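Trainee: I am new to this structure and would like to learn how to read it. Please show me the entry, and then take me through a few features.

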Amino acid sequence: MRDAAPTTIYLKDYTPFGYLVDSVHLTFDLADHATRVTSRIAFRPNPETTDRTFFLHGEELTLVRAVIDGIEVTPSITDKGLTVDVPDAPFIWESVVEIDPGNNTALEGLYMSNGMYCTQCEAEGFRKITYYPDRPDVMSTFTVRINGNLPVLLSNGNPSGKGDGWAEWTDPWPKPAYLFALVAGDLIAHPDRFTTMSGREVELNLWVRPGDEGKCAFGMEALKKSMKWDEDVYGREYDLDVFNIVAVDDFNMGAMENKGLNIFNSSAVLASPETSTDVNFERIEAIIAHEYFHNWTGNRITCRDWFQLCLKEGLTVFRDAQFTSDMRSAPVKRIHDAIDLRARQFPEDNGPLSHPVRPESFQEINNFYTATVYEKGAEVIGMLKRLVGDEAYSKALDLYFDRHDGQACTIEDWIKVFEDTTDRDLSQFKRWYSQSGTPRVSVTEDWTDGTLTLTLSQRSEPTPGQSRKLPHVIPVAVGLLGPNGDEVHATQVLELTEAEQSFQFTGLAAKPVASILRDFSAPVILEHDPSNTERAFLLAHDTDPFNRWQAGRSLAQDTLLRMIRQDATPDADYLDGILAVLRDGDLDPAYRALMLGLPTHSELAAELFDAGDTPDPMAIWTAVETLRQATAQHLQDLLPRLHSETLIDTPFSPNAEQAGKRSLGGAALSLTSRLDGGSKAAEEYAAADNMTLQLTALSCLLRTGKGQDELSAFYDQWQHDRLVMDKWFGLQVSMAAPAATVDTARALTEHTDFNWKNPNRFRAVMGALAMNHAGFHRADGAGYALLADWLIRLDPVNPQTTARMCSAFQIWKRYDADRQDLIRAQLNRILETPNLSRDTTEMVSRILG
Ligand code: ARG
Ligand code: ZN
């Protein structure tokens, strides 16, 4: 049975641990079902506190022996850990425990994936390996000896010895237990080297299972670029003799920054042109950079407690976004990030799961690895940089690394380095860390005698636990365009700090068009209603690439909403504007492809809901299809030119230039297949020599209701490749027509290759189901029921992935009473499941509100 009342942990209750750890020695005797972990840990009383409670976390461990200073002791043990009397002086704790990695399906702690041993300890997995103060503010050096008959035995730090059937690793840098890692298996290295800025040689290895050797080169290049970039831009050098990355097939998240031994979901590192799309390549490059950057922002400076998670995650996401902007196109990256934030973070922040970037309480910390902590956390840093300027930002970061190296820190420490660098009081800015919800900024304009007055006001709706909100500091980047399209006032950052404020632009010859929230300078909802003529003007002329794209997006949204509500026909301003942009051969193809994007069904549903309407998923689907069809017709004459402009006559490269062309070519193909019934797509499928094109062509065919032969040919071709098969599973569900979605998903769950215990495969089908808006929200509730069935089945096997996927239901209150009843019934059914995990219980309870 589940504990009657799950415990809630509060930020305000933080107290330091009563002991410091001077060293940790671990010995692993590996065996599938009975691995022995022997620990020898040097503790001493912590002079900073008088609390002498000696509690070690430990879960699912069988204690064989416990010894203090050489004398066997008998601790009192619960399912959470142990307590025992200890001397009021330095002492040595030794223990032997037995664990069962072979049956660890939760993929937390030490587990097995395809015969290889690996670990995932963040956030609280180390306590499933041995008894330990498993909290990030307890840091120590680790020495690890692994005994096992496997060819490759890895842990953190530098190798310090090896022989037949054993290896020893020593990590000289004190670290919290969540950064511990161990890998053992039959692995092959893709080796390389890197010389650091001070001339130190580092041995690099990407370890994969036999058969995956051909998918390593791209990841290795990304690693070397990341190492160089962090030296050039942040002055941060790598600090060990080796850096290892391991790819594993069974992994709950993307990847993990364990010190010197990063462990990656194979989908986040393995790549080849034949098996990976351009989107995969870009994501892999970013994740490799992200995990590498954690070596400084996360490992050398870590978090005092898990409430401070955004200290390392927000900053590291911000850094990986800077890296991607430098490696690829900055405007394209900024647009991608805005699309992503609106698609994933806004619904979270405006629904029952809303929480601050720094949460104040949790039951299961794994439920807080969210878009809010990561992506909004990164946006907050972007705003800070915009407010203090680039130079002050660099100085503050230097100070941060100087002052806090080797420490476990808080958001207060972070803000303080900016205050000390700039002499600026950032107490109001800090509200971004404590107030949840997406602020709305509305704008009114007044034009009198050569002066434009912009009045900006901000408000935030109540969110769970926060009924009243105080004003934020919001950097609003604004530029002005004259009637002929020239910029008459360059981008200026207005600082909105009050509920309402006016800003004047004087001495203007003619009434300008204002371009507001340039570069998406703050993660807010902008309520500014320029006329469609003004939007079309911005779409044609804005000198800020983000807002130029945004103008097209707003036109699209406006026409879609009118089509949904009033049965309007597609708007000519939108169609003509898009045609003009797509014709402009001087514009980056990737950027032009983005111009063809439309708001997601779910975003449209949110807009309708905000305006007091009840979204009808089928009406949304119909409007989007109609607009797509109208766009295809409007662009008909241009499509052949877009096709020839995007032909690539050089060998395949996943670089931004080629990827941009393929992306525009793919968008054009998708429109073409609405006009020719898919014949061009069938040709392209047959000729495809890379996964981007193969998958794009197949999607076009499936959307046209064709492609069954190609689908089975694809299966035959790629059956042996788990990552490509994930695409095969997902694509069928995403491309299914609304009425067929649930049946397609259900049929796939009965396929022999539906290995549902593998998180990637489970997500491929169930994630795609939840994302197919009209299909998932089928009026009879069959979509909700299918997802709930599978969540109930997965929960005892893998609570973390189950809990994460419950968020598909977070938008339930947007819909009509019938759908709400159907979803509520499924949520209650999940909640009433006997022995439901703490993870899922917390998520479902919060969603139900
Ligand atoms: N720190 C990892 C990252 O780079 C995420 C790991 C989280 N894993 C988990 N099970 N909560 O973002
Ligand atoms: Zn991270």
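Mentor: Begin with pairing. Two strands pair if DSSP finds at least two bridges between them. Keep in mind as well that this is a predicted model.

Trainee: Which residue is the bridge partner of K162 in strand 15?

Mentor: K162 has A167 as its bridge partner in strand 15. The two strands involved are strand 14 (residues 158-163) and strand 15 (residues 166-175), which pair in the antiparallel sense over five bridges. They form a hairpin with two residues between the strands. In that turn, G165 has a positive phi of about 80°.

Trainee: How many bridges join strand 27 to strand 28?

Mentor: Seven bridges join strand 27 (residues 474-481) to strand 28 (residues 487-496), and the two run antiparallel. V476 stands opposite L494 in strand 28. This hairpin has five residues between its strands, and G485 takes a positive phi near 95°.

Trainee: How do the side chains lie in a regular strand?

Mentor: In a regular strand they alternate between the two faces of the sheet.

Trainee: What is V208 in contact with, leaving aside its neighbours within four places in sequence?

Mentor: The contacts of V208 beyond those neighbours are L187, I188, H190, E213, K215, C216, A247 and L270. As for distance, V208 and V269 are 61 residues apart along the chain, and their C-alpha atoms are separated by 9.9 Å.

Trainee: Why is Q633 classed as partly exposed?

Mentor: A count between the buried and exposed limits, which are 20 or more and 12 or fewer, makes a residue partly exposed. Q633 has 14 other C-beta atoms within 10 Å, so Q633 is partly exposed. Q633 is found in helix 14 (residues 617-634). From Q633 to P356 the separation is 277 residues in sequence and 45 Å in space, C-alpha to C-alpha.

Trainee: Which residues come nearest to ligand 1?

Mentor: Of the 14 residues around ligand 1, the nearest are E122, M253, M256, N366 and Y369. Strand 20 (255-256) and helix 2 (278-293) each supply at least two residues of the shell. By class, that shell around ligand 1 has five nonpolar, five polar and four charged residues.

Trainee: What does UniProt place at residues 437-528?

Mentor: The record, an unreviewed entry, gives "domain: Peptidase M1 alanyl aminopeptidase Ig-like fold" there. In the model, residues 437-528 are 0% helix and 53% strand, with the end C-alpha atoms 19 Å apart. The UniProt annotation "domain: Peptidase M1 alanyl aminopeptidase C-terminal", also from an unreviewed entry, covers residues 533-848. That span is 71% helix and 0% strand, and its end C-alpha atoms lie 43 Å apart.

Trainee: How many helices and strands does the protein chain have?

Mentor: The secondary structure comes to 27 helices and 31 strands. The radius of gyration is 27 Å, close to the 29 Å that the globule rule gives for 849 residues, so the chain is as compact as a globular protein of that length. Of the 849 residues, 50% count as buried.

Definitions and conventions: Residues are numbered from 1 along each chain as its sequence is written. Chains are lettered from A and ligands numbered from 1 in the order in which they are written. This is a predicted model: local features need pLDDT of at least 70, side-chain atom pairs count only at pLDDT 80 or more; totals for chains, interfaces and linings use all residues. Helices (H or I, at least four residues) and strands (E, at least two) are DSSP runs, numbered from the N terminus. Two residues are in contact if their C-beta atoms, placed from the backbone, lie within 7 Å. A residue is near a molecule or strand if its C-beta atom, placed from the backbone, lies within 6 Å of it. Ala, Val, Leu, Ile, Met, Phe, Trp, Tyr, Cys and Pro count as nonpolar, Asp, Glu, Lys and Arg as charged, and the others, Gly among them, as polar. UniProt positions are given in the numbering used here, feature names are shortened, and annotations may be inferred rather than shown by experiment. The radius of gyration is taken over C-alpha atoms; the globule rule is 2.2 Å times the number of residues to the power 0.38.
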